[in-house]
Amino acid sequence: MDIRGTGKITAFAELRAPAMSGIMLAAMPNSHSSMPDIAALARAIDRPLALVGMMGSGKSLVGRRLAQRLDLPFIDSDAEIEKSAGITITEIFELAGEDKFRTLERNAISDAADAGPLVLSTGGGSICTPETAALLCERTIVIWLQAKPETLLSRIGSISSRPLLHTDDPLATLRDLAERRAADYGKAHITVTTDQLSAAAAVAAVLCALDSHLTVS
Ligand code: S3P
């Protein structure tokens, strides 16, 4: 399934509009120095890079672009689940419930974790299931794309593909989920705050943070 149909790609793309300002640059690790040596960085990656974070944090768009920069395959766990189930995430929640979805999600992430270096975009709640958190933290480099609930909602656009946001007040739901999930996202090896960043700047920030994490440069 082409995930552009879910609105995940276009939502974050709205943030491309502003050019990289001083504030954005200040938010980027190592912004004072040049970008890392991408080829050396790619060679140092020996396992999947797993993007985690709330719905609307930009995991799919940033992940796809990150994979392009590093010349690595890109996998979206939600898209993999939909492909093998033959129905949408919303339908899985409706027909089989969230627990079943979390099992399918864990299996999809386990398959990706076995596949060597690649970029994996995970569903927002994946790291909140203890078994999935363990496999992510032990077998991948976990990168948390952090953003405020207001930013997330503005990026999400349509909530139709996000069953957890089918509530009276999606912003309040995002705030509540973000608060309850903060400790789980805090397990990530790398955190990048993306509120002020365009997609391109977020990719650059992830590359710099990854370079520091792996101490390549
Ligand atoms: C979920 C996030 C969704 C999807 C499912 C549950 C969550 O993915 O996995 O609707 O629990 O936050 P995105 O984060 O890609 O929207």
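How many bridges join strand S1 to strand S4, and in which sense do the two strands run? Four bridges join S1 to S4 (residues 141–146), and the two strands run parallel. Strands here are DSSP runs of E with at least two residues, helices are DSSP runs of H or I with at least four residues, and both are numbered from the N terminus. Two strands are said to pair if DSSP finds at least two bridges between them.

The structure is a predicted model, in which local features need pLDDT of at least 70, side-chain atom pairs count only at pLDDT 80 or more, and totals for chains, interfaces and linings use all residues. Residues are numbered from 1 along each chain as its sequence is written, and side-chain values use heavy atoms, with hydrogens and water left out.

## The strands

Strand S1 covers residues 49–52, with Leu49 and Leu51 pointing one way and Ala50 and Val52 pointing the other way, and all of them are buried. Buried means a relative accessible area under 20%, exposed means over 50%, and partly exposed lies in between, with a 1.4 Å probe and protein chains only. S1 also pairs with strand S3 (residues 119–121), in the parallel sense and over three bridges. Leu49 has a bridge partner in each of these neighbours, namely Val119 in S3 and Ile141 in S4, while Ala50 stands opposite Val142 in S4.

S4 is mostly covered, since five of its six residues are buried. S4 pairs in turn with S5, again in the parallel sense, over four bridges, and Gln146 stands opposite Thr193 in S5. Thr193 is found in S5, which spans residues 190–193, and is partly exposed, with a relative accessible area of 37%. Although Thr193 and Gln146 are 47 residues apart in sequence, their C-alpha atoms are 4.6 Å apart in space.

## Polar contacts between side chains

A polar contact is a pair of N or O atoms within 3.5 Å; within protein, one atom must be able to donate a hydrogen and the other to accept it, and residues adjacent in sequence count only if both atoms are side-chain atoms.

| Residue | Partner | Distance |
|---|---|---|
| Thr193 | Gln146 | 2.8 Å |
| Thr173 | Thr167 | 2.8 Å |
| Ser158 | Ser160 | 3.0 Å |

Thr173 belongs to helix H10 (residues 170–185) and counts as buried, because its relative accessibility is 17%. Ser158 lies in the loop between helix H9 (149–156) and H10, and counts as partly exposed at 42% relative accessibility.

## The surroundings of the ligand

There are 14 residues around the ligand, and Lys59, Asp78, Arg102, Gly124 and Arg181 come nearest; a residue is taken as near if one of its heavy atoms lies within 4 Å. The shell around the ligand divides into five nonpolar, three polar and six charged residues. In this division, Ala, Val, Leu, Ile, Met, Phe, Trp, Tyr, Cys and Pro count as nonpolar, Asp, Glu, Lys and Arg as charged, and the others, Gly among them, as polar.

An N or O atom in the side chain of Lys59 is 2.7 Å from an oxygen atom of the ligand, a polar side-chain atom of Arg162 lies 2.9 Å from an oxygen atom of the ligand, and for a polar side-chain atom of Arg181 the distance to an oxygen atom of the ligand is 2.7 Å. The protein covers 98% of the 380 Å² of accessible area that the ligand has on its own, where accessible areas come from the Shrake-Rupley method with a 1.4 Å probe and, for residues, only the protein chains shown count as cover.

## An aromatic pair and a loop residue

The structure holds two aromatic pairs. In one of them, the ring centres of Phe93 and Phe101 are 5.0 Å apart and the ring planes stand at 40°, so this pair is tilted. Rings of Phe, Tyr and Trp (its six-membered ring) pair if their centres lie within 6.5 Å, and planes under 30 degrees apart count as stacked, over 60 as edge-to-face and the rest as tilted. Both Phe93 and Phe101 are buried.

Asp71, by contrast, is exposed, with a relative accessible area of 70%, and its place is in the loop between helix H4 (59–70) and strand S2 (74–76). Phi of Asp71 is near 55°, a positive value in a residue other than glycine. Most residues other than glycine have a negative phi.
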